[in-house]
Amino acid sequence: IYSSGNVYTESSTLYNNQADDAGGAIFCSGIALVRLCTISGNSVISKGGAIYNEGTFNIQNSTIVYNSSASVGGGIDNEAGTLTLFNTILAENSASGLGGDGYNNSGAVLDPLSDYNAISSNNSFGLGSGLNNQLDVDVSLEPLAYNYGGFTETHLLICGSHGINEGHANFPVTFDQNGIVRDNFPDIGACEYVPTTFLVLNSNDAGAGSLREKISLSCTGDT
């Protein structure tokens with residue numbers, strides 16, 4: 001996506017795109033809103049593996065992962081604009097230069113009210129932890145796939161991952177990218193964690209198939 005005007009993207013997956021110059025998935029020099037989106041596996045030779053911004057960019061309830069740059073900003077390069085992140089996962093992106101997950105260039109503005117985000121590396125990005133941001137944390141995700149309940153490929157959070165039940169409870173997003181209802185303890189990112197039903201296979205005190213094993217593997221909401 002290249003936009004010098006207004007662009008609004010919702011409930012979409014941008015995957016495996018490539019660019020030579022800037023913005024493997026999105027280049028913005030205007031006004032952009034991305035909501036309930038998965039941006040994964042994109043790459044760029046120059047800046048911004050997933051997103052390059054020199055405009056006004058607002059990202060809400062999205063998952064930006066596994067993107068790469070041969071320069072700076074593996075996930076996001078906020079080169080000369082204003083960037084706001086809310087309830088978003090920015091993780092496991094990489095860059096040969098500064099800012100594996102995100103790079104905020106001198107003079108660009110990273111909205112200090114950006115909140116409820118989970119970022120695996122905050123190096124060269126500068127997002128503050130004084131609010132409710134989870135910084136330098138392990139955000140474990142399932143592989144990109146269709147079989148999580150929706151019509152687009154998405155990444156689901158894995159049990160025990162940062163981001164589960166750590167989103168903003170009053171943010172007006174009723175459903176996730178897969179169409180699953182968000183509860184009073186929403187997850188960070190595009191998709192809600194889907195509880196697992198475990199089957200106890202024997203009456204052993206421990207080991208494979210035992211009740212003890214299933215309890216050790218479970219998260220809140222699993223049965």
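How many helices and strands does the chain have? There is one helix, and there are 20 strands. Helices (DSSP runs of H or I, at least four residues) and strands (DSSP runs of E, at least two) are numbered from the N terminus. Before going further, note that this is a predicted model, where local features need pLDDT of at least 70, side-chain atom pairs count only at pLDDT 80 or more, and totals for chains, interfaces and linings use all residues. Residues are numbered from 1 along each chain as its sequence is written, and side-chain values use heavy atoms, with hydrogens and water left out.

**The chain as a whole**

Of the 223 residues in the chain, 51% are buried. Here buried means under 20% relative accessible area, exposed means over 50%, and partly exposed is in between (1.4 Å probe, protein chains only). The chain exposes about 10,000 Å², and carbon and sulfur atoms supply 51% of that area. Accessible areas come from the Shrake-Rupley method with a 1.4 Å probe, and for residues only the protein chains shown count as cover. Now for contacts, meaning heavy atoms within 4.5 Å. Among those with a separation of 6 or more, 66% are between residues 24 or more positions apart.

**Two of the sheets**

Let's look at how some strands line up. Two strands pair if DSSP finds at least two bridges between them. Strand 2 runs parallel to strand 6 (residues 31-35), and five bridges join them. If you want to spot one of these, look at Thr9, whose bridge partner in strand 6 is Val34.

Another open sheet has six strands in the order 3-7-11-15-19-20, again with parallel pairing. Which strands sit at its edges? They are strand 3 (13-15) and strand 20, each of which pairs on one side only. Strand 7 (residues 38-40) pairs with strand 11 (residues 63-65) in the parallel sense over three bridges. In that pairing, Ile39 has Ile64 of strand 11 as its bridge partner.

Ser40 is also in strand 7. Is Ser40 buried or exposed? Its relative accessible area is 2%, so Ser40 is buried. Leaving aside neighbours within four places in sequence, Ser40 is in contact with Leu14, Tyr15, Asn16, Val65, Tyr66, Asn67 and His155. Ser40 and Glu92 are 52 residues apart in sequence, with 9.9 Å between their C-alpha atoms.

**Salt bridges**

The structure holds three salt bridges. The term means a side-chain nitrogen of Lys or Arg within 4 Å of a carboxyl oxygen of Asp or Glu. Here they are:

| Salt bridge | N to O distance |
|---|---|
| Arg35 and Glu10 | 3.2 Å |
| Lys47 and Glu79 | 3.1 Å |
| Arg182 and Glu192 | 2.6 Å |

Take the pair of Arg35 and Glu10, joined by a salt bridge. This pair links distant parts of the chain, with Arg35 in strand 6 and Glu10 in strand 2, 25 residues apart. Glu10 is partly exposed, with a relative accessible area of 29%.

Next come Lys47 and Glu79, whose side chains meet in a salt bridge. They too link distant parts of the chain, 32 residues apart: Lys47 is in the loop between strand 8 (43-44) and strand 9 (51-53), and Glu79 is in the loop between strand 13 (76-78) and strand 14 (82-86). Lys47 is partly exposed at 26% relative accessible area, while Glu79 counts as buried at 13% relative accessibility.

Then there is the salt bridge of Arg182 with Glu192. Both residues lie in the loop between strand 20 (134-135) and helix 1 (211-217), so the pair ties together parts that are ten residues apart in sequence. Arg182 and Glu192 are both buried.

Asn105 sits in the loop between strand 17 (102-104) and strand 18. Its side chain makes a polar contact of 3.2 Å with the side chain of Tyr103. A polar contact is a pair of N or O atoms within 3.5 Å; within protein, one must be able to donate a hydrogen and the other to accept it, and residues adjacent in sequence count only if both atoms are side-chain atoms. Beyond its neighbours within four places in sequence, Asn105 is in contact with Asn78 and Glu79.

How many disulfides turn up in a search of the whole structure? The search finds zero disulfides, a disulfide being a pair of cysteine sulfur atoms within 2.5 Å. Cys37 counts as buried at 1% relative accessibility, and Cys191 counts as buried at 2%.
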